[in-house]
Amino acid sequence: MPRDLILGTAGHIDHGKTALVRALTGTDCDRLPEEKERGITIDIGFARLPLGGTTLGVVDVPGHERFVRNMLAGATGVDLALLVVAADDGVMPQTREHLDILKFLGVRCGVVALTKADLVGDAARDERVREVRELVRDSFLADAPIVPTSVVAGTGIEELKAALAAAAVGVEREADAGPFRLAIDRAFVVQGHGTVVTGSVASGLARVEDELDWHKGDGTVERVRVRGLSNHGQATDDVHRGQRAGLNLAGVRHDAVRRGQELCAPGYLVPSTVLTVRLFVAAGGRTVKHRLPLRFHAGTAEVMGTVSLLDCDRTEPGQSAVAQLFLDEPVTTVCGQAFVVRDSSAEHTLGGGQVLQPVAHKIRRRQIEVIERVEQLEAADPATRVLAAAWLGGTEGVTPFGLAREAAVLPAAAEALVRELLASGALLELALADGRRVCLHADRVAELEGRALDALAALHAENPLATTHDRQKVLARLGYVGDNPLLDAVVGRLLAAKRLVGDSRRLARADFVPKLSANQRKLKDRIVAAHAAAGFAPPEPAGFANLAGGNAVALKEIFEVAVAEGLLVRVTDDIYLSPEAEAELRRRVSERLASGPGLTVAEVRDLLGTTRKFAVPICEYLDRTGLTRRDGDLRVPATN
């Protein structure tokens, strides 16, 4: 089956990378006038190299130390590396630096070309081979072939092609997996067509007329349409992972495009200025200290920032740490994406690693539980990564598409994983009143439930006589969650589990018992006795104020305690009946309704032997509780 891969060159300046690419492909990658004039590569160039069943999109990079930033932009998405070492010079500073960069970017396969082999004798060439072997000994190129070449003599070119073809077989990946993504490395105008942007397709597939998100590098996103596509200058209907692609974008001005921007499937990427990462410090390099300023390189972007080491104060060469990067400008990354960091003066490569949280909040240093959860994003098991992403996402919820970004799990696989984790109870799905369904880590739901219970416990402690509290007052204490429909769903779970009692207006903990003093209990008993004796003409609550003395301010709460204990029945806030009177009320009204067309307020008044002052609210109470309903001037059975 045909395959497309990206081949990236690497090596010191003047070691013959561009000449070697020209010999391999017939394409001169030096396209800028300044490059022609100075005889050095300044920016990245591109060529195409067919090798049997594999087509390599070649990215030729500059070797000068001043242009490492351009080399990094070109190295994004590289599947296969061609490390170039000149036989007459041998290993040089940028040979080492470029190799470090390739390692940090996660390249796993490659070939070494020993160029200018015609300029040295056999002994010197053998010495260069030993030198290169020592350089790559602990790298992905440890067992790679070293092919002597000479573009002048024309030797070694076919052998190099064969070595590249063999190395390409060892590249393991799914060609079109994941949502579409491309980091822009170049933009130009084609007369009559408009703006064309180019880049290496990092994942997925795009077709003509697709709509994509255009991330502009300043945190803003614009939806754009693909007017046309090309691969190495040839028009095509689609482009996929491993290809060099040109995208003709409708309605996009050329001067609005710059290197470092990205195109992706709608909704896939999210800009962020805070990333959580696994940072590896280059062996033989410099110590990285907490709060060190640095340059962050990912995709084709380069952004200044500061590192926060979460589990240590300094990381020595050859060591790694969990860290957060606080960047001056937003970047778009995904979980597992490789990156490189250099010092703020752009003179040295400090290290690199993998993004763990592409959209992160500040983590307090040495917060062990959070760091351990972050480290689970490095797990080989996708279910472990999904649960870690769900926990770290807090109350934001997870989606199969979002997990492609947050947990490095393909959307199709994420759907099945989420179903399994829901079935096991590790994830919980909450249906919200606004129509959303939110999938959260079970521990986060338990945490929200605990906070709701704690909020009510605090309100009960502050108001020991109040049997219930206003629902919105309870939710306000959890306001920083910022999602009232979610909080309502959590409260619904607690009500269903009988850990809370209440309704749409008021709530209480199921285990709460109001605390009355001895005098308050005596007052409650007098209130209950007075209502039992009063029948259907109960006393007004305010009438007990003189009896309450110092407890007058708690009078309403004492009535609420009596209601909660089943000693009184609330008709309105100012009218209460004894349970016996309320039961007799229902009996009398039900019997009369069974033998007649209905009851007027006046008939209810006479039936109960009370006054209109009480009869009207009692009729309204019977309507609310479902015994009757109003039909004109009559109360009739609610079931009619």
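# Reading this structure, one feature at a time

Tutor: Let's start on the inside: the largest cavity holds about 30 Å³ of space.

Student: What should I know about the model before I go on?

Tutor: The model is predicted, so to speak of local features takes pLDDT of at least 70, and side-chain atom pairs count only at pLDDT 80 or more, while totals for chains, interfaces and linings use all residues. Numbering runs from 1 along each chain as its sequence is written, and side-chain values use heavy atoms, with hydrogens and water left out.

Student: How do I read a cavity, and which residues line the largest one?

Tutor: On a 1 Å grid over the protein atoms alone, a cavity is a set of points where a 1.4 Å probe fits but cannot get out, and lining residues have an atom within 4 Å of a point. Grid points are joined across faces, edges and corners, and a volume is the space filled by probe spheres set on the points. Searching the whole structure turns up 1 cavity of 30 Å³ or more. Its lining is made of D4, L5, T55, L56, G57, N231, H232, G242, Q243 and R244. The elements giving two or more residues to that lining are β1 and β3, and β3 has the largest share, 3 residues.

Student: What does a name like β3 stand for, and is this strand buried or exposed?

Tutor: Helices (H or I, at least four residues) and strands (E, at least two) are DSSP runs, numbered from the N terminus. Buried means under 20% relative accessible area, exposed over 50%, and partly exposed in between (1.4 Å probe, protein chains only).

Student: Which strands pair with β3?

Tutor: Two strands pair if DSSP finds at least two bridges between them. β1 runs parallel to β3, joined by 6 bridges, and L7 stands opposite V58 there. β2 (residues 45-51) runs antiparallel to β3, with 7 bridges, and L51 faces T54 in β3. β2 and β3 make a hairpin with 2 residues between them, and G52 in the turn has a positive phi of about 65°.

Student: What is a nonpolar core, and which residues touch the most other members in the largest one?

Tutor: It's a set of buried Ala, Val, Leu, Ile, Met, Phe, Trp, Tyr and Cys residues joined through side-chain atoms within 4.5 Å. The largest has 32 residues, and M71, L83, L102, V132, V136, F140 and L141 touch the most other members. At least two residues each come from β1 (3-10), α3 (68-75), β4 (80-86), α4 (93-104), β5 (110-115) and α5 (122-135). The largest share, 4 residues, belongs to α4. Apart from this core lies another of 26 residues, including V322, I371, V374 and A388.

Student: And how is a pocket read, and how much space lies in the largest?

Tutor: A pocket is an open set of grid points with protein on both sides within 12 Å along at least five of seven lines. The largest pocket holds about 1600 Å³. Of its 48 lining residues, A202, R241, G336, Q337 and A338 are the closest to its centre. Elements giving two or more residues to this lining are α3, β7 (181-183), β9 (194-203), β19 (293-298), β23 (338-343) and β24 (349-357).

Student: Which residues does G299 touch?

Tutor: Contact means heavy atoms within 4.5 Å. Leaving out residues up to four places away in sequence, G299 touches L72, A73, T76, A183 and Q337. G299 sits in the loop between β19 and β20 (301-309), and is buried at 14% relative accessible area. Its C-alpha atom is 8.4 Å from that of I184, 115 residues apart along the chain.

Student: Last one: how many disulfides are there?

Tutor: A disulfide is a covalent bond between the sulfur atoms of two cysteines. The rule asks for a pair of cysteine sulfur atoms within 2.5 Å, and here the count comes to 0. As for individual cysteines, C312 is buried at 18% relative accessible area, and C619 is buried at 1%.
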